[in-house]
Amino acid sequence: MLPMDVDVHPNSRNSGSSVYHGQRPSTDIPDNINVSVGDSSNIRSSYVDSSTSVTSTIRSDICASDNRMLNSLHERVNFCESNNPVSRCCSFGDGLMNSVHNSYVASSANNTKSSVVQQSNDRLAYTAERHPISSFEAMNRFRKNKELCDVVLLVDGREIYTHRVVLAACSAYFRAMFTGELAESRQTEVTLYDLDGDAVETLIDFCYTSQITVEECNVQNLLPAACLLQLTEIQDVCCEFLKRQLDPSNCLGIRAFADTHACRGLLRVADRFTHLNFLEVVESEEFLLLPVSHLVDILSSDDLNINSEEQVYYSVMRWMHHNLSDRRPYLSYLLEHVRLPLLSPKFLVGTVSTDLLVRSDERCRDLVDEAKDYLLLPQERPLMQGPRTKPRKILQGGELLFAIGGWCSGDAIASAEHYDSRTHKWHLVAPMHKRRCGVGVGVVYDLLYAVGGHDGHSYLNSVERYDPHTNQWSSDIASTSTCRTSVGVAVLNGSMYAVGGQDGVSCLNFVECYDPNVNKWLKVSSMITRRLGVGVAVLNGQLYAVGGSDGQQPLSSVEHFDPRVGTWHQISCMGTKRKHLGVAVYNGLIYAVGGRDEVTELSSVECLDLRSRTWTPVVAMTSRRSGVGLAVVNNQLIAIGGFDGATYLKSVELYDPDANCWSVRGSMNSRRLGGGVGVVRLVNPHFNLNNTSFISNNSISNCSTTSRSVGHMNNNTIGTSCNNSIINDDSLGLSMTDSIFPPGLPISTTNQYFHNINNNNSSSSSNNSTGSNSISQSIIRNLPNSTFISSTSSTSGSTITATTSLTNSGQMNISSTRSNSTFLF
């Protein structure tokens with residue numbers, strides 16, 4: 001029997017969701033305060049005065065002169081057995097113990113979560129967990145009021161009052177300055193040279209508050225300041241922000257900026273982005289201003305995403321002609337890195353050989369002759385191999401197909417992998433944080449979202465987001481309002497819709513809409529019919545819900561949602577009832593493949609033509625597939641995984657509309673029933689994320705022990721065997737340590753927010769130099785208030801705000817049992 005026959009789990013229970021707490025920078029300030037009641041001859045107390053948040057130590061020596069001391073062991077035992085030990089202690093130390101008692105009561109009233117952590121006959125230990133936070137808040141107030149400050153930073157014509165101990169605790173630069181024998185360790189005023197005053201003040205604020213906002217208007221000043229002051233955490237945040245700003249028009253400038261400040265991770269990402277988007281990069285003004293050494297680095301790469309070597313030759317000649325008088329001597333040097341033997345004979349003879357610049361240079365003529373020999377003497381080619389005869393690893397297409405989660409070997413799985421359409425091979429990427437079967441998948445701004453599902457024990461309402469740019473999952477995404485498995489997910493007009501599913505109690509008709517700009521889910525109109533295992537698709541601005549099950553039987557009905565009017569309407573039914581089917585839009589038609597009817601798993605396929613409002617049968621797949629994933633990648637319709645009634649499948653089938661047949665093309669690494677599939681587009685030049693907020697994950701507080709960072713920034717936990725490892729890149733021929741890229745995974749632009757490019761106010765820069773390292777372009781091209789590197793030019797545009805904020809990312813767990821099934825889907 002198919003493990004999905006029973007659609008609803010009748011027995012369930014809810015549990016609360018977990019909340020991630022932002023943390024503060026680590027310091028040497030104690031994490032707790034203790035009150036110890038021991039020998040009556042020596043009572044010591046350290047407490048927090050909630051009005052000032054300043055730690056004070058009160059020492060009291062109660063001995064023979066204190067006529068209220070305990071005079072007998074019997075009285076001591078009575079004291080220890082008191083139901084109110086704090087108030088009882090006040091009988092022999094009113095001033096001392098009333099302070100402790102009042103502090104304890106005030107802490108409780110202010111929700112400080114203070115607790116008594118140890119109690120015995122002769123000892124009472126007390127911890128105030130809010131003490132570090134309130135202390136830093138108080139010190140920050142002192143700083144702003146210029147109270148108790150012991151050093152003034154003079155930078156960029158302004159005075160910044162602060163405390164040495166805070167700076168030394170957060171910055172290795174200041175720690176060395178103030179704790180060593182440097183003259184600054186004895187000075188009350190310290191001058192910082194060549195730094196922006198606003199940037200330094202922002203970094204000082206971070207030291208006190210653990211919060212910082214990186215924006216296009218401050219990142220170019222923040223990163224150099226963070227590098228100098230050795231605030232590595234902020235360096236990482238700035239680099240992450242710049243990674244998300246990468247665009248064909250600015251990637252070379254960002255690459256130069258990263259090189260200047262030794263940001264190796266950002267440098268590597270910018271290089272790979274340049275290679276992937278080479279054809280668009282060569283059209284940018286930054287390309288024309290490249291120094292020759294950097295141009296050679298690009299031309300030498302095996303990973304240029306080109307259709308033919310002719311495009312590389314044209315890029316060299318375009319760069320040459322931008323400033324021919326100064327660049328002419330570099331022609332032969334550059335042509336050495338163009339793989340002339342890989343050109344077509346017609347292009348080599350008709351275009352390259354006849355170019356006057358090439359004909360006038362002896363070395364260039366030799367390179368052309370070498371290429372002609374290679375083409376005319378195929379029997380000699382084994383003896384003529386070299387760097388110029390090595391084919392580049394051309395990346396066909398601009399999309400990646402991902403398959404995540406599902407059910408395999410008797411349990412839900414968290415693994416994820418992507419498909420290489422050139423080789424029909426699958427490559428593993430970082431696994432999700434949670435196991436998920438029956439998971440819904442949507443792609444918004446080239447980020448892949450995993451919605452809900454079932455982890456093998458509980459139903460989930462949590463959501464995870466995968467960034468193919470960094471090969472990391474983040475869990476700081478708002479959860480859906482209810483747990484959902486067998487849910488349909490689709491993206492319409494930049495918003496993600498979660499449709500139907502089941503919560504373990506009932507089959508759902510609820511529909512929720514996620515806005516990634518504000519990180520919130522909102523309910524919209526419910527479907528007419530309850531549907532689990534539903535297929536969803538978007539066509540002509542409408543959201544379609546196809547088939548599924550109402551909890552009792554499979555459905556053939558179809559309905560669609562118009563977001564402009566906010567209502568659902570039924571349309572033509574399919575010819576076959578199907579639940580757990582695959583649905584996708586291909587060549588303007590909605591395809592429904594596989595699934596299960598009342599009796600068995602299906603291999604049949606049908607498609608809907610909206611013009612005629614009719615469903616038409618299509619040739620069946622080679623295998624029966626229920627719980628199948630369906631997607632369109634590089635104009636290919638692909639069916640992934642599923643269950644054939646006896647075996648969980650990992651095979652993949654491609655549909656050929658011309659031959660009207662399906663063919664098996666490779667297999668996934670894991671068998672997947674009820675896995676989610678999504679397609680990420682790699683090349684999209686309109687990427688922009690205007691604002692990123694960050695909260696430190698190095699805490700001085702004991703309130704949170706999680707190591708997961710806010711958002712998708714600086715997340716070091718990306719799954720088993722995926723971090724700090726040597727990764728062989730099969731598709732790009734690259735091996736690296738501490739890699740952030742999975743095997744075969746090119747970079748994509750990510751977090752794509754709407755942004756209209758505006759070049760009208762950009763001023764052109766000098767074109768008379770080729771050897772200079774300066775690139776007279778903004779490293780964040782087309783963004784407002786950005787200053788050019790080594791240039792006084794500027795751009796202008798409208799500001800678009802998108803702030804990443806800390807949100808609940810927990811799950812609601814509903815456990816259940818059900819008969820006749822080992823698969824909870």
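Let me start with the chain as a whole, in which buried residues make up 55% of the 825 residues, where buried means under 20% relative accessible area, exposed over 50% and partly exposed in between, with a 1.4 Å probe and protein chains only. This is a predicted model, in which local features need pLDDT of at least 70 and side-chain atom pairs count only at pLDDT 80 or more, while totals for chains, interfaces and linings use all residues. Residues are numbered from 1 along each chain as its sequence is written, and side-chain values use heavy atoms, with hydrogens and water left out.

The secondary structure comes to 20 helices and 38 strands; helices (H or I, at least four residues) and strands (E, at least two) are DSSP runs, numbered from the N terminus. Of the contacts in the chain with a separation of 6 or more, 63% are between residues 24 or more positions apart, and contact here means heavy atoms within 4.5 Å.

Now to the helices. Two packed helices are described by the angle between their axes and the distance between the axes. Helix α14, residues 292-299, packs with helix α15, residues 309-322, at an angle of about 175°, and their axes are 12 Å apart; axes are lines fitted to C-alpha atoms, for helices over the stretch in contact, and angles run from 0 to 180 degrees between N-to-C directions. That angle makes α14 roughly antiparallel to α15, since angles under 35 degrees count as roughly parallel, over 145 as roughly antiparallel, 65 to 115 as roughly perpendicular and the rest as oblique. From α14 the contact takes Val 292, Leu 295 and Leu 299, and from α15 it takes Val 312, Ser 315, Val 316 and Trp 319. These residues divide into six nonpolar, one polar and no charged, where Ala, Val, Leu, Ile, Met, Phe, Trp, Tyr, Cys and Pro count as nonpolar, Asp, Glu, Lys and Arg as charged, and the others, Gly among them, as polar.

How many of the eight residues of α14 are buried? Six of the eight are, so α14 is mostly covered, and among the buried ones are His 294 and Ile 298.

For a second pair, helix α9 (residues 232-245) and α11 pack at an angle of about 10°, with axes 9 Å apart, which makes α9 roughly parallel to α11. Here Cys 239, Leu 242 and Lys 243 of α9 meet Gly 265, Leu 266 and Val 269 of α11.

Let us turn to the aromatic rings. The structure holds 17 aromatic pairs; rings of Phe, Tyr and Trp (its six-membered ring) pair if their centres lie within 6.5 Å, and planes under 30 degrees apart count as stacked, over 60 as edge-to-face and the rest as tilted. In one of these pairs, Tyr 419 and Trp 426 have ring centres 5.1 Å apart and planes at 45°, so the pair is tilted, and both residues are buried. Tyr 591 and Tyr 655 also form a tilted pair, 6.0 Å centre to centre with 55° between the planes. Because Tyr 591 lies in strand β28 (residues 589-593) and Tyr 655 in strand β33 (residues 648-656), this pair ties together parts that are 64 residues apart in sequence.
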